[in-house]
Every structure is written in structure tokens, then in C-alpha cells.
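Visitor: I'm new to reading protein structures. Could you walk me through a few features, one at a time?

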Amino acid sequence: METSPESNATPVLERLLPDQPAVLGPGHTMGTVTDKITAIVLRRPMTLGWLGGFVIAFTMLNMLVLAVGYLFFKGVGIWGINIPVGWGFAIINFVWWVGIGHAGTLISAILLLLKQNWRNSINRFAEAMTLFAVACAGMFPLIHTGRPWLAYWLFPYPSSMGVWPQFRSPLVWDVFAVSTYATISALFWFIGLIPDLATFRDQAKNPWTKRIYGLLSMGWRGSARHWKRYESAYLLLAGLATPLVLSVHTVVSFDFAIAIVPGWHTTIFPPYFVAGAIYSGFAMVLVLAIPIRKFYGVEDMITLRHLDNSAKVMLATGLIVAYGYSMEAFFAYYSGNFWERFMFLNRATGPMSWAYVLLILFNILIPQLLWFRKVRMSPPMLFMVSVVVLVGMWLERFVIVVVSLTRDFLPSSWGTYTATRWDYMTFLGTLGLFFTAMLLFVRVMPSITIFEMRTMLPESKVQEEVAAHD
Amino acid sequence: MWGCMRAVGQWMASYMAQIFHRSANTIAKASIIAAILLIGGLLWAGLELQRSPYYTYAGVARSQPVPFSHLHHVSGVGLDCRYCHTSVETSGFAGIPPTKTCMNCHSQIWTNAPMLAPVRESYRTGKSLIWTRVDNLPDFVYFDHSIHINKGIGCNTCHGPVDKMPLTYAYASMQMEWCLNCHRDPGKYLRPHRVKEDPKDPHTMDDQVFNMTYQQPTAEHPVVLPDGQSFTSQDALGAYLVKVKHVRSVRDITSCSTCHR
């Protein structure tokens, strides 16, 4: 094989522009990468910071248990929903959480297929984020049904009722979209973890820790055959997960777009929902990555390059979302449709215009800061912009769900909506569930993929060249 | 990529130690099949249990204040269903007989039978006997006996061999799939009210809906209508009756609001 002259000199993994931060900080070897990541779980003592965060998150999780328990006891009447707003916080939160999950799948599947190696440092915790976000999201359609103990009716099974679910309803498509998404995300996440769990098994000192990681790593020995099968399985799952990035939120948007309520019945929803999902998802990735890299001292693994790239994805998807908003306004004008025009005017100037104004501010205006390199290179600024975007994306769903429903065709059926304390408790409770799960994940699993990090090392590059000469 | 993976693999292999015995591999593989079988089996068992008499009480004789025997009164005495269930042709509810109906005979026969003490007590005090329902539909299901009788569904199509029941039990599960079994193919069990009278068979004189010995037409035992039309299969008879009885379309009678009003 013909080799380039530089292959025998210092291997160059990537060509950086001046001032461009590297994907992996200098000075790492296979050993140091492994040590640094395994140490977070196996050797680092429990810190007060982690414990404090966990106590807060776990308290919020208990609030969720309380809120949902009382909901099961009393029924959905404890929420602020009533006709005409039958879909309140539950559906807003569902869409919000599912959307957040999308970034994880985009990073782990699409960026893998596009050979974006920088994703290696952030894909594992982003996948975990997806999994926990989908868990939070999946709860809402179940608990909002009124009789959640009969939620299995949503699935097609040979029931003694002799009927199948209504396959023409987008709500049933939702069941398939979200359950497929949860299954593929869990498989993808777990299969990706196996080689690293084996590393944990081998590094662990405590015999029980060793056994547990041994059990989870499913007999991984790192043989060439294992790697070959692993690679095919991982690629196949990436291929399966890729269409899901687009399809899941498309189906979620159908929940609205198939209905005829002004503000819901629009063809732009699928692309703009998907863009919004990735937008909020990358915001959540940054909200998680910035503290993780800081508190666990992995700033040389999750570098400014990652933050910069994520911010750019946010900027791009944010602009697609902005395009969606402007098209909604444009259609309201251009269609000449009375209801569409009224819908838009009601959003912008009606009794809940505060939500629309904040939404434009949080989702469109403030994120324009990401055009500036200074902002993209500043973790605190990025963190704040990300939080703003997360709030903005929640408001977007509030505007779509609530504001549309309060004003439909007939003024006699207009109404209003006020969330109750149980609505807020449930929403904050899912944040508790999410962060409890994330905090536990960071403590017991590798948040950064060890073996994929190793492949980014100059060492692995040299080995490949030598192997090619043989 | 491949070469580098191999290199990493060799490097990792140098750290490996055995925690589990070789047999763990087999156990792990077997556990995949076991998990599928277990989950599948549990689901199957759940669905079977929900259809079983344990849950539906189909075929389970219920205890009653008086051990009333349909076997004796229908097969033995020869009472017609409508002697007691008087409103079955005209009302949604077939009707449970008042104590007076029992006393029509039992004021004359078996007047001192200890078994009938609750009946006499009820007659004396005017307080109804509290029977235990054997066929109970949920409150969200609208059911009307009269339409089924008038279109030609036999009593024993749904209630089974009541004339053979010493103690009464529900014959069918009364689950929705059971209702739909017929509503999706209404010709399946339809009977003609009247058949050509045959002096040798007294049952041919009666309304066939109440005939406990009615049999669906076969080549050996055709069903002959009073006008002489003869049917040798239920398919043909059912299709004919659906037409002449104006049974509404499957689409109509399987729409949700037919039964869930």
C-alpha cells in the first residue's frame, strides 16, 4: 500500500484551522484515556457536589411519585385541563421530552454514519440522555389517559374485546413511534456500552463490582471476532436509528397536524418539529456536557470543539425553527383564511401573547448570539443560551397545544387554561427523574466511550499504518 | 478502522481475567430463549386467564336462594321460556318471574317442600327472591333481548342448553369478542320463527327461536319453511333470513354506538 510521506512522521489525525480546538486534548495515550474515564466511576470518591445534586434530583423524583400517585387516586381532574383544553402540560411535556431525546440519536447514529469522529466523546452520555428523556416522555401519554392501568389497550394484542386499536389515528402511530424509539435507543446504548463495561470489569477491584460489570459486558473478550460482530451490530443499529431521528418527531407532529384545529392543521409541522427536536436536544446536550466536563475534569475530552460544533448545530436547527415560525405567520397572511389569520393574531396579541413573545425571544432572538465565536467558545454563555432554548422550546409546545385549543372556530367554545400545582409538580418531577437517572449514569457507567476515544489517539493510527505494511 | 480495532482488542485482551466459568456462555445464550419463552408464555397465560371461567364465570353454576332447575322445568315439565321470561319478545330485559309465577303451580304441588320455603316466605311477605345473575353485562353495554328474538336468534344460541341445566350457569363468556363473533357475520345463527309443520315432530309447531332442540340445516336434516322452501346449509338459510328479516348491515351492527350508547 502506498503511504503518504507524513505517515512515518507524527501522525496527523485531523487538520485544524488556526485557533481551532482539537477534539482530544494533547498528551493522551490509550492508558491515560482508559484511566481517566474509568477513574470517574471506579476510583473517584463520592463528592459533596454529586451528592447534593442527587439529593435535589431525587427529591424532585419523589415529588413526581407523589403527583402521579395522587393522579392515579383522583384522576386527571387534578390537572388544569378542561374542555376546550383537554391537552395541557402532559402533552407539552411529552413533546418536549421526546424532542430532547432526538439529539442523542442524531449524535450517535447519523454522525456515526457520516464519520464525524468528534461525536465519539459525547455520544455515550447523549444516548443516555435520549433514553432517560424518552422514559420521561413515555410516561405522559400513559398517565394522561385517565385510566392509566388500561394503557396497554393502546397496543395491538389479541384482546377479548375483539377489536384492534384505531390504526387510522395518529395517536396509535405515536405508540409505535415512541416504543420503537425507546427500544432502539436502549439497544443502541447498551450494545455501545459493552466493550467499555468489559474495561470496567477488568479495572474494577471490588469482586462484586467486577461481577456486575462482568455480567453486563456479556462475556466480552475483545477478540477480533467480537469486534467484527460488534461493528456490524452497531452499524446496523445506527442504520435503524437514523430514520427514527426524522420519523419519531414527524409522527409526534401528526398528533397535531392531522387534527383540524387552527394552529395544528399545517403541513409544515413535521420538518419544523424535527428541527425543533434537534434544537432542544443539542441544548440539553450542552446543559449536560458543560457541567460534566467541568466537574469531572474531562475538558480535554469534551473540548471546546464539541461545544462549538453543538452550538453550530443549534444555530442551524434554530434557524429552521425560525423559518417555521415565519412561515406560520406568512401562511396566516397569504392563505387569506380567516381562521388561520385569527389564530396568528391571537397568538401574537391575544390573552396568552406573553408566551408567544417569550418564545420568539428565547427561541429566535437570544440564540442569535451563537453567531459569535466568543459565545460558542464560552461554556458559561453557551450554558445559559442552552437553558434559554430549552425554556423556549417548552413554550413553543405550550403555544401550540394550549393557545390553539383555547381559541377554536366558535367563540362559544373558547376557554382558558391554568395549570395547577399538580401539573407543575409532575413536570418538575420528570426533571427529577431525568437528572436522577443522569447522575446515577455518570457514577456507574462510562459517560465517555473509552474505546472510541482510543481510536482517536495517534497511537491507534500508528498501529493501523504498521499493520498495513505487514 | 478494522486494523485499529484489532490492535485495541489485543491490547485489551492482555488485561482480561476470568470471572465466570465457561458455562456462563451457554447459560447466557439459553437465557435469551428462556426470556422469549417466559415473556411470551406470561402474555399468553394472561390472555388465556382473562378468557377463562375463572374470570368470566362461563360454565360455572352459581348458588341461588332456591336451587331452581331449568332441567326439570323445561325438559321435565315442558314449560316454554316465555312462561317465566315474559317480556323477552318485547323488551330489552327478558324478565325474571315474580314469586306469583312460581306459586301458580307451587300453591298446588310440593306445597310443603322444604326446598321451596324461601318461595313461600317471599309470597307471604311480598319481598322478592334475590336471585344471583348468571349472565351479567357491564353497565356500559346496551343490550336488547327483543331485537335478537325478533330477528331469529335462538335462546340457546347464547344461553346454551338451558334445558339440560340442573343449576343455571352462563353458557358464553359475554366478552366483546363473543358478541362481535356474531355481529360480524349475523347470518351465522339466524333461525326462521316458523318452519313447515310436521305432525310427527311437535317442536315444528312452535316458534323455533324458543325450540331447545332446533338444529341448523344440513343435507340430511334440511330446514323447510312454511312456504316449502328448503335449506340444506346455514350459509344459505342465514343469507336468506338476513334479507327477509331486514337485518341491518354488518357496518351498522358493529359500529361502536350500537352497543355503547
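Visitor: Let's begin with α9(A): how many residues does this helix have, and how far does it reach from its first C-alpha to its last?

Guide: Before we start, keep in mind that this is a predicted model. To check a helix, set its reach against the span expected at 1.5 Å a residue. Helix α9 of chain A, residues 304–334, has 31 residues and reaches 44 Å, close to the expected 45 Å. Just after α9(A) comes G336(A), with a positive phi of about 70°.

Visitor: Which residues of α1(A) are buried?

Guide: Here's the general idea: an α-helix has 3.6 residues a turn, so residues three or four places apart point the same way. Now the case at hand. The buried residues of α1(A) are M30(A), V33(A), T34(A), I37(A) and V41(A). Look down the axis of α1(A) and these buried residues fall within an arc of 95°, so they line one face of the helix. The face turned away from that buried side carries G31(A) and T32(A), which are exposed.

Visitor: Nice, on to pairs of helices. At what angle do α3(A) and α4(A) pack, and how far apart are their axes?

Guide: For a pair like this, look at the angle, the distance between the axes and the handedness. Helix α3 (residues 89–113) and helix α4 (residues 123–143), both of chain A, pack at about 155°, with axes 7 Å apart. An angle over 145 degrees counts as roughly antiparallel, and α3(A) and α4(A) are therefore roughly antiparallel to each other. Their crossing is left-handed. As for the residues of this contact, 17 are nonpolar, seven are polar and one is charged.

Visitor: How closely do the axes of α4(A) and α5(A) come, and at what angle do they cross?

Guide: The axes of α4(A) and α5(A), the helix of residues 170–203, come within 9 Å and cross at roughly 150°. That makes α4(A) roughly antiparallel to α5(A). The crossing of α4(A) past α5(A) is left-handed.

Visitor: What about α4(A) with α8(A): is the crossing left-handed or right-handed?

Guide: That crossing is right-handed. Helix α8 of chain A spans residues 269–295, and α4(A) packs with it at about 130°, the axes being 10 Å apart. This angle makes α4(A) oblique to α8(A).

Visitor: Let's turn to the backbone. Which residues does the cis peptide bond join?

Guide: The angle to read here is omega. A cis peptide bond joins I83(A) and P84(A), with omega at about 10°. You'll find P84(A) in the loop between α2 (48–74) and α3 of chain A.

Visitor: Over in chain B, what is the phi of W110(B), and where does this residue lie?

Guide: W110(B) is not a glycine, yet it has a positive phi of about 55°. W110(B) lies in the loop between α6 (99–106) and α7 (117–125) of chain B. With 12 other C-beta atoms within 10 Å, W110(B) is exposed. H246(B) also has a positive phi of about 55° although it is not a glycine. This residue sits in the loop between α11 (234–244) and α12 (250–253) of chain B, and H246(B) counts as exposed, with 8 C-beta neighbours inside 10 Å.

Visitor: One more: how far apart are V244(B) and K151(B), in sequence and in space?

Guide: Read the two separations side by side. V244(B) and K151(B) are 93 residues apart in sequence and 9.6 Å apart in space, C-alpha to C-alpha. V244(B) is part of helix α11 of chain B and counts as exposed, with 11 C-beta neighbours inside 10 Å. Now try D198(B) and N181(B): they are 17 residues apart along the chain, and their C-alpha atoms are separated by 33 Å. D198(B) lies in the loop between α10 (176–183) and β1 (223–224) of chain B.

Note on methods. Residues numbered from 1 in each chain as written. Chains lettered and ligands numbered in written order. Predicted model: local features only at pLDDT ≥ 70, side-chain atom pairs only at ≥ 80, totals over all residues. Axes fitted to C-alpha atoms, helices over the stretch in contact; angles between N-to-C directions. Helix = DSSP H or I, 4+ residues; strand = E, 2+ residues; numbered from the N terminus. Parallel < 35°, antiparallel > 145°, perpendicular 65-115°, else oblique. Left-handed = near helix turned anticlockwise from the far one by under 90°. Nonpolar A, V, L, I, M, F, W, Y, C, P; charged D, E, K, R; others polar. Buried ≥ 20, exposed ≤ 12 C-beta atoms within 10 Å, placed from the backbone. Arc of directions from axis to C-beta. Expected span 1.5 Å × (residues − 1).
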